[in-house]
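The following exercises are to be worked through with the sequence and the three-dimensional model at hand. Each task is followed by a solution in steps.

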Amino acid sequence: MTLYTRFAAHIDAALDTLAAAGTLPAGLDRKNVTVEPPRDTSHGDLATNAAMVLAKPAKTNPRVLADALVVELSKLEDVASASVAGPGFINMKLTDDAWRAELAAIPEAGADYGRSKQGDGITVNIEYVSANPTGPMHMGHCRGAVVGDALASLLEFAGHKVIREYYVNDAGGQVDVLARSVHLRYREALGETVEIPEGLYPGDYLVPVGQSLAKEFGDRYVGAPESEWLVVFRTQAVAAMMVMIRADLALLGIEHEVFASEAELQAAKKPEAAEAELRSRDLVYDGVLEAPKGETPDDWEPVELPLFRSSQFGDDQDRPIKKSNGSWTYFGADLAYHFQKSQSADQLIDIWGADHGGTVKRIVAAVAALTGGKTRFDVKIVQMVRLLRNGEPVKMSKRSGNFVTLADVVREVGKDVVRFTMLTRRSDAQMDFDFAKVVEASKDNPVFYVQYAHARIASLHRRAEEAGITPMSADLSRLDTDELALVQLAAQFPRLVETASTAREPHRIAFYLYDLAAAFHALWNVGNDRPDRRFLVLDDPQATAARLFLASAIGQIIRNGLAIMGVEAVSEMK
């Protein structure tokens with residue numbers, strides 16, 4: 001039990017006491033009662049809105065209820081003082097022993113410190129990456145991959161069951177283009193000189209696929225009509241691309257449990273099933289779209305199409321689910337795919353690139369319609385990453401088909417640097433990734449700064465062990481106000497996990513770790529001018545043991561936070 005869960009229980013017990021005394025009606029819904037740090041830290045260490053939330057259903061004045069709660073909370077050993085602020089908020093100042101007790105709880109919980117039961121019983125499907133299977137992963141895919149994977153780990157740490165899913169777009173025109181591109185490489189492998197025309201995929205990564213097909217089929221399909229080889233080449237090319245994509249993702253430590261195929265979805269008649277479901281509720285009808293803006297009557301031929309009533313769910317207009325030729329629109333297939341996902345999860349999250357932002361409203365409308373509004377659905381938009389080297393744009397790679405591959409970047413700077421850097425800004429804000437800066441050993445580089453804090457702590461323990469000092473025999477009363485201030489920041493971690501999980505924002509973990517590392521480094525640097533304030537003071541073993549215990553707890557939280565981000569905590573800086 002962490003500080004915040006402990007005080008939530010204290011407040012609940014105090015409310016029970018008031019209910020038993022008749023001050024408060026029994027059976028009031030307390031789900032909106034919170035415990036959090038006050039906005040102004042000068043007001044105290046913890047604040048609760050209990051009186052504000054419960055006063056109206058209790059038919060009493062918030063300040064009157066708050067005064068009664070303050071009496072009960074002031075009786076707690078952990079509370080130095082409690083007071084009412086504003087219309088009825090309650091602020092509490094905790095005793096130093098309360099913070100020492102929380103510090104002791106950190107190494108006791110170890111890797112589970114901060115783990116929550118917030119998501120117990122909730123299954124969340126997170127679909128991320130889902131790059132078209134037409135080539136290797138590039139840096140345009142990288143950020144969404146990291147954000148999605150870190151979010152999945154965050155939700156798991158907060159108690160949810162998580163399904164990591166990749167949607168393979170293997171039924172659209174882009175995979176036919178892939179097949180035609182591979183056919184040229186197949187002919188090339190058989191000795192023909194070929195040129196890759198505009199509109200096909202030029203990357204050398206297709207050369208091995210063509211060679212494999214040449215070995216398997218010989219010259220069977222060299223002069224054959226497209227209708228004979230398109231499906232075969234498409235199937236094998238997509239399979240080869242997915243092997244490549246999985247390998248690229250593995251370099252980032254990313255694995256998906258589910259790979260859902262669009263082609264299989266359509267073969268199983270899932271779009272038809274979704275359409276039937278919506279028609280049964282009059283949410284799909286046959287109608288004619290308005291002419292696009294700027295089109296004259298002579299340019300526009302109205303066609304009757306099946307339309308989804310997305311405007312009933314917040315979209316700008318109703319949307320077609322089929323084309324005039326009877327094939328499914330991208331939206332129609334996507335609607336069916338989300339219907340499929342909703343049948344095995346309580347909540348859905350999609351991680352999309354910025355170029356998909358215009359389609360958010362319609363798919364949100366579709367999920368709301370298909371699930372009766374019961375399924376929480378979030379679409380996280382991930383903005384572009386601009387690659388730089390010492391401030392200059394990075395040139396593209398001809399070998400890869402005019403883009404920088406994820407594999408090349410990971411091999412140059414390392415998985416941990418890539419993953420951490422991708423989480424140092426909100427996902428909906430554009431980002432610069434400068435190869436020089438992300439490996440720079442400075443305070444301005446969050447990756448280095450956090451890793452350096454952990455490495456310092458590891459080094460400190462090695463030196464202490466050599467001196468025969470162990471932190472586990474520590475007298476925590478030796479920690480002073482400045483050191484307990486670091487404990488107060490450390491104690492925020494469990495609450496941060498829950499708030500970041502609720503907001504679906506894994507970057508909050510990176511921001512918090514930077515702040516924690518900065519506070520640790522600041523405390524460490526005091527010892528540069530004052531030897532008695534160093535973490536390791538050989539002529540004061542008791543103070544040293546207490547500070548080692550503190551450092552050990554900070555190291556544990558850094559490890560826990562980095563684990564959520566998919567980043568290894570290093571013990572030495574190389």
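Helices (H or I, at least four residues) and strands (E, at least two) are DSSP runs, numbered from the N terminus. The model is a predicted one, in which local features need pLDDT of at least 70 and side-chain atom pairs count only at pLDDT 80 or more, while totals for chains, interfaces and linings use all residues. Residues are numbered from 1 along each chain as its sequence is written, and side-chain values use heavy atoms, with hydrogens and water left out.

**Exercise 1. Salt bridges and their setting**

Describe the salt bridges formed by Asp149 with Arg419, Arg279 with Glu275, and Arg533 with Asp480.

Solution. 
Step 1. A salt bridge is a side-chain nitrogen of Lys or Arg within 4 Å of a carboxyl oxygen of Asp or Glu. The whole structure holds 39 of them.
Step 2. Asp149 and Arg419 meet at 3.0 Å, N to O. This pair links distant parts of the chain, 270 residues apart: Asp149 lies in helix α5 (residues 139–157) and Arg419 in helix α14 (residues 415–422). Both Asp149 and Arg419 are buried, where buried means under 20% relative accessible area, exposed over 50%, and partly exposed in between (1.4 Å probe, protein chains only). The two residues also belong to a network of salt bridges with Glu156, Arg164 and Glu257.
Step 3. Arg279 and Glu275 are 2.9 Å apart, N to O. Because they are four residues apart in helix α10 (residues 270–279), about one helical turn separates them. Arg279 is partly exposed at 32% relative accessible area, whereas Glu275, at 11%, counts as buried.
Step 4. Arg533 and Asp480 meet at 3.1 Å, N to O. Arg533 is in the loop between α18 (507–529) and α19 (541–565), and Asp480 is in the loop between α15 (446–466) and α16 (481–490), 53 residues apart. Arg533 is buried, with a relative accessible area of 10%; Asp480 is partly exposed, at 28%.

**Exercise 2. A buried charge**

Solution. 
Step 1. Asp434 is located in strand β15 (residues 431–434).
Step 2. A polar atom of the Asp434 side chain lies 2.9 Å from the backbone nitrogen of Ala436.
Step 3. Apart from neighbours within four places in sequence, Asp434 is in contact (heavy atoms within 4.5 Å) with Leu388, Arg389, Asn390 and Gly391.

**Exercise 3. The whole chain**

Summarise the protein chain: how many helices and strands are there?

Solution. 
Step 1. The chain has 19 helices and 15 strands.
Step 2. Of its 574 residues, 51% are buried.

Notes
A polar contact is a pair of N or O atoms within 3.5 Å; within protein, one must be able to donate a hydrogen and the other to accept it, and residues adjacent in sequence count only if both atoms are side-chain atoms.
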